[in-house]
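The following exercises concern the structure shown below.

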Amino acid sequence: MNILHIVSGNLNGGAFRGAYWLHKGLQKIGVDSIMLTNSRDTGNDDSIVSIRKNPKSKIVAEIRPRLDRLPLLFYRNRSKKIFSTAITGFDFTKTAEYRNADIIHLHWINAGFVNIKDLKQITKPIVWTLRDMWPMTGGCHYSIQCNNFKTGCGNCWQLSSKRSLDLSRFILKRKLKHLPYNMKLIGISNWMSSLAQSSILFKQHDIRTIYNNINCKEFFSIEKTTAREILGIKTDKKILLCGSTNISDFYKGFSKLADALQNLNKNRIMLLFFGSASNEFLTSLGYEYKSLGFLNDNISLRLAYSASDVFVAPSLMDAFGKTIAESMACGTPTVCFNATGPGEIVDHKINGYAATPFEPDDLAKGIKWVLEHPNYQALTQKARKKVLTNFDNSVIAKKYYDLYQELLNNATLTAAQSSSKPGNYGFVTL
């Protein structure tokens with residue numbers, strides 16, 4: 001069984017990390033798994049193949065994301081949220097890795113990596129793990145309050161468009177034309193699967209849920225005093241950890257956290273942040289704080305989670321909530337809103353606190369509940385157990401292995417049936 005994973009982005013990106021841990025989990029159970037990426041860095045892992053193989057390919061790889069964004073120049077008043085067109089890309093169907101593969105597994109394929117029209121050339125079983133909403137929309141990665149992806153897009157508020165025939169409509173119609181019908185779609189939460197099932201693009205597809213995965217051998221607890229000493233933290237206060245690649249993304253909900261913090265005791269809590277957070281914003285919160293900046297390795301992340309008493313993830317919309325599961329794997333309970341992907345990870349008042357969406361007061365109540373829990377140690381143990389049982393990459397790899405085996409068995413059966421029916425090629429596109 002040879003699996004080819006198609007993944008865009010960098011090694012430290014959330015989607016890449018989820019795909020990479022799955023890839024490694026598959027290898028551990030004997031599956032021949034290869035990742036093809038446009039990443040500059042492969043981590044010296046021979047099983048990760050980058051398309052940046054020579055000076056020319058490196059230049060082209062830098063140009064493609066810019067070409068992908070060119071149509072957005074016609075929408076000067078658009079929001080600054082990520083919006084992908086998939087009008088250009090690398091044709092991976094011409095590679096040796098594709099020829100050797102039995103199954104093509106798509107993950108996050110944006111930033112000019114894959115041209116959507118090239119997907120119709122795939123003649124092998126396809127699995128597509130939905131790591132955000134982009135596969136089902138007309139370009140946005142999270143629709144927020146918009147339901148146009150259910151009817152055909154157009155009048156896109158993220159483009160500030162008042163026209164039904166806009167770029168979002170064009171992109172969705174292009175997907176309808178080129179995406180193979182017989183793909184297996186995998187939501188990394190039940191919430192994602194339900195969104196895909198309600199979309200105009202995927203409502204007739206086979207959609208299943210297999211949760212995102214965490215490598216629990218890399219994410220485990222370190223004694224708090226040791227973790228704090230290594231990070232240079234000297235405090236007797238409880239530590240509240242929060243982090244995101246960019247806290248300015250409004251769907252990450254940091255405004256809700258800022259409101260919640262006004263209801264907590266500033267003299268008893270220290271804030272610890274990782275990712276992009278301006279000192280101006282952090283200072284405005286009125287708490288003692290420390291910013292760790294971007295953490296590009298698992299060791300640093302593990303230290304941050306372990307040094308903290310509670311992790312707060314105030315996301316308004318998230319496909320899964322990888323940082324939540326990482327924190328819980330390190331034995332640090334999480335407070336989140338009981339909605340979208342995060343609401344499926346945290347069991348309310350069992351291994352964390354799932355606050356009423358999207359009420360800052362209840363978020364603050366949840367933080368207090370964790371920090372003042374009479375049996376905090378039991379809470380931490382239940383948090384790790386939830387991740388080990390449901391999200392560890394060894395568990396998730398087995399679920400994908402069973403899916404792959406099902407697809408290969410079906411492909412063999414279909415090929416046998418097709419050989420007896422002249423003219424039936426067994427491949428249907430919308």
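**Exercise 1. A residue of helix 13**

Asn393 belongs to helix 13, which comprises residues 393-419. The model is a predicted one.

Task: determine whether Asn393 is buried or exposed, and state which residues it contacts beyond its neighbours within four places in sequence.

Solution. Step 1: the relative accessible area of Asn393 is 4%. Step 2: buried means under 20%, so Asn393 is buried. Step 3: with neighbours within four places in sequence set aside, Asn393 contacts Trp21, Gly25, Asn213, Ile214 and Asn215.

**Exercise 2. A loop residue**

Task: locate Lys203 and classify its accessibility.

Solution. Step 1: Lys203 is found in the loop between helix 5 and strand 7. Step 2: its relative accessibility is 44%. Step 3: buried means under 20% and exposed over 50%, with partly exposed in between; Lys203 therefore counts as partly exposed. Step 4: leaving aside neighbours within four places in sequence, Lys203 is in contact with Ala196 and Gln197. Step 5: between Lys203 and Cys140 the separation is 63 residues in sequence and 18 Å in space, taken C-alpha to C-alpha.

**Exercise 3. Helix 5 and its surroundings**

Task: identify the buried residues of helix 5 and the strands against which they pack.

Solution. Step 1: in helix 5 (residues 190-198), the buried residues are Trp191, Met192, Ser193, Leu195 and Ala196. Step 2: these buried residues pack against strand 5 (126-130), strand 6 (184-187) and strand 7 (206-209).

**Exercise 4. The nonpolar cores**

Task: describe the largest nonpolar core and the surroundings of Trp128.

Solution. Step 1: the largest nonpolar core contains 75 residues, and Ile6, Phe92, Leu119 and Trp128 have the most contacts inside it. Step 2: helix 9 (residues 298-307) contributes the most to this core, with five residues. Step 3: not counting residues up to four places away in sequence, Trp128 touches several residues, among them Leu106, Ile116, Leu119, Trp134 and Leu185. Step 4: a second, separate core has 28 residues, including Phe254, Ile269, Val312 and Phe337.

**Exercise 5. A helix pair**

Task: characterise the packing of helix 10 and helix 12.

Solution. Step 1: helix 10 (residues 322-329) and helix 12 (residues 376-390) pack at about 120°, and their axes are 7 Å apart. Step 2: helix 10 is therefore oblique to helix 12. Step 3: the crossing is left-handed. Step 4: helix 10 supplies Ala325, Met328 and Ala329 to the contact, and helix 12 supplies Ala383, Arg384, Lys386 and Val387. Step 5: five of the contact residues are nonpolar, none is polar and two are charged.

Technical notes: Residues numbered from 1 in each chain as written. Predicted model: local features only at pLDDT ≥ 70, side-chain atom pairs only at ≥ 80, totals over all residues. Heavy atoms only, no water. Axes fitted to C-alpha atoms, helices over the stretch in contact; angles between N-to-C directions. Helix = DSSP H or I, 4+ residues; strand = E, 2+ residues; numbered from the N terminus. Parallel < 35°, antiparallel > 145°, perpendicular 65-115°, else oblique. Left-handed = near helix turned anticlockwise from the far one by under 90°. Contact = heavy atoms within 4.5 Å. Nonpolar A, V, L, I, M, F, W, Y, C, P; charged D, E, K, R; others polar. Buried < 20%, exposed > 50% of the residue type's maximum accessible area, 1.4 Å probe, protein only. Core = buried A, V, L, I, M, F, W, Y, C linked by side-chain atoms within 4.5 Å.
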